[in-house]
Amino acid sequence: MLNLYDAIKESSAFRKMQVNELLFVEYTCMREETKFGIWSDSNYFVFISSGKKMWKSVHHSYEVVEGDMLFVKKGANLTHQFFDDEFCAIFMFVPDDFIKSFLQRNTWLQQSPRKITATQDAVLRIAPDPLLQSYHQSIKSYLGLPQTPNEKLLLLKFEELLLSLFTGTRHQQLADYFISLCHDQAYQLSRIMEENFAYNLTVENYARLCHMSLSSFKKLFRQQYNSSPAAWLKQKKLQLAVEQVLGTQLPISHVAFNCGFEDNSHFIRVFKQYFQLTPLQYRQQYSSKAT
């Protein structure tokens, strides 16, 4: 899978500016229809300037057009670029450490203990907000300048935006997620795994998302799940695959892609080893019983 943050940060194809840990990018994509997997170890906002695109989490899809806004948690997603007008968006990458530092300096924002709900998804659709739209336009203008504006000004404007998100009533889920970043490592590991098991990520990628060394990640994972990451991931992917094999009429190749298998032949081989039937045979034998 493509590491979106690393790819954009290293590319010279986009207008961008970096302010301490924050990365602002004007991202454009050609008019072509593509589907591919991406991941990022930094959270990011997406403000859609033109075109159409879809972000897909494990269980939900989010189609966005001009004027829409998303917040995508660190982790992986499947994306679908439509054959349409050129897609253009402003990306703002916000790492965990920046949010945690902001909350440590504004402890009053955590006075009412809140915990992220189990129903909160890995992608959050941001409700229309004049302040956010104004901020999007100002960042877009800054990116068009020959020189980066004063860094302190940019940091102050972003922290002002965060304060408005925390103190308003329209973005409660987003505020809850930010506060959850201060929870312990066990909580972070469980959330990362439950939101990202259905992607073709390596164990090293999962450890990086949890900000842990590989050995520390494996040790904590064993304590949490009484299993190895590889065994747990295989079981979770196959459970999701069964849901899609029986609950949809998607081609088997699409199911393999949606469930994070390397390719269609690998998916069929693993599925048959586990269920003694190919995915298509399993659908033919059990789909009528499931309805």
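A contact, as the word is used in this briefing, means heavy atoms within 4.5 Å. By that rule, residues 24 or more positions apart account for 73% of the contacts in the protein chain with a separation of 6 or more. This is a predicted model, in which local features need pLDDT of at least 70 and side-chain atom pairs count only at pLDDT 80 or more, while totals for chains, interfaces and linings use all residues. Residues are numbered from 1 along each chain as its sequence is written, and side-chain values use heavy atoms, with hydrogens and water left out.

**Overall form**

- The protein chain holds 12 helices and 11 strands, where helices (H or I, at least four residues) and strands (E, at least two) are DSSP runs numbered from the N terminus.
- The radius of gyration is 20 Å, close to the 19 Å that the globule rule gives for 291 residues, so the protein chain is as compact as a globular protein of that length; the radius is taken over C-alpha atoms, and the rule is 2.2 Å times the number of residues to the power 0.38.
- Along its principal axes, the C-alpha trace spans about 60 × 45 × 35 Å.

**Surface and burial**

- Of the 291 residues in the protein chain, 51% are buried, a word that means under 20% relative accessible area, whereas exposed means over 50% and partly exposed lies in between (1.4 Å probe, protein chains only).
- The protein chain exposes about 14100 Å², of which carbon and sulfur atoms supply 50%; accessible areas come from the Shrake-Rupley method with a 1.4 Å probe, and for residues only the protein chains shown count as cover.

**Charges and salt bridges**

- There are 31 positive and 28 negative side chains, and the centres of the two sets lie 6 Å apart; Lys and Arg count as positive and Asp and Glu as negative, while His and the chain ends are not counted, and the place of a charge is taken as NZ of Lys, CZ of Arg, CG of Asp or CD of Glu.
- Side chains of opposite charge can pair when their charged atoms come close.
- A salt bridge is a side-chain nitrogen of Lys or Arg within 4 Å of a carboxyl oxygen of Asp or Glu, and by this rule the count comes to 10 salt bridges.
- In one of them, Arg-15 pairs with Glu-26, with the closest N and O atoms 2.4 Å apart; Arg-15 belongs to strand S2 (residues 15-19) and Glu-26 to strand S3 (residues 22-29), 11 residues apart.
- Within this pair, Arg-15 is partly exposed at 41% relative accessibility, whereas Glu-26 is buried at 10%.
- Another salt bridge joins Arg-208 to Asp-41, with the closest N and O atoms 2.6 Å apart; this pair links distant parts of the chain, since Arg-208 is in helix H7 (residues 203-209) and Asp-41 is in the loop between strand S4 (34-40) and strand S5 (43-50), 167 residues apart.
- Here Arg-208 is partly exposed, with a relative accessible area of 35%, and Asp-41 is buried at 13%.
- A further salt bridge is formed by Lys-236 and Glu-194, with the closest N and O atoms 3.3 Å apart; Lys-236 lies in helix H9 (residues 229-247) and Glu-194 in helix H6 (residues 185-196), so the pair ties together parts that are 42 residues apart in sequence.
- In this case Lys-236 counts as buried at 19% relative accessibility, and Glu-194 as partly exposed at 37%.
- Salt bridges that share partners also join Asp-6, Asp-41 and Arg-208 into one network.

**Helix H5 and its surroundings**

- Seven of the nine residues of helix H5 (residues 172-180) are buried, so this helix is largely enclosed by the rest of the structure.
- The buried residues of H5 include Leu-174, Tyr-177 and Phe-178, and the elements that the buried residues pack against include S5, helix H2 (96-105), helix H4 (151-167) and H6.

**Individual residues**

- Thr-79 lies in strand S9 (residues 75-81) and is buried, at 4% relative accessibility; not counting residues up to four places away in sequence, Thr-79 touches several residues, among them Thr-34, Phe-36, Ile-38 and Trp-55.

**Backbone angles**

- Most residues other than glycine have a negative phi.
- Asn-20, in the loop between S2 and S3, has a positive phi near 55°.
- His-211, in the loop between H7 and helix H8 (214-225), also has a positive phi near 55°.
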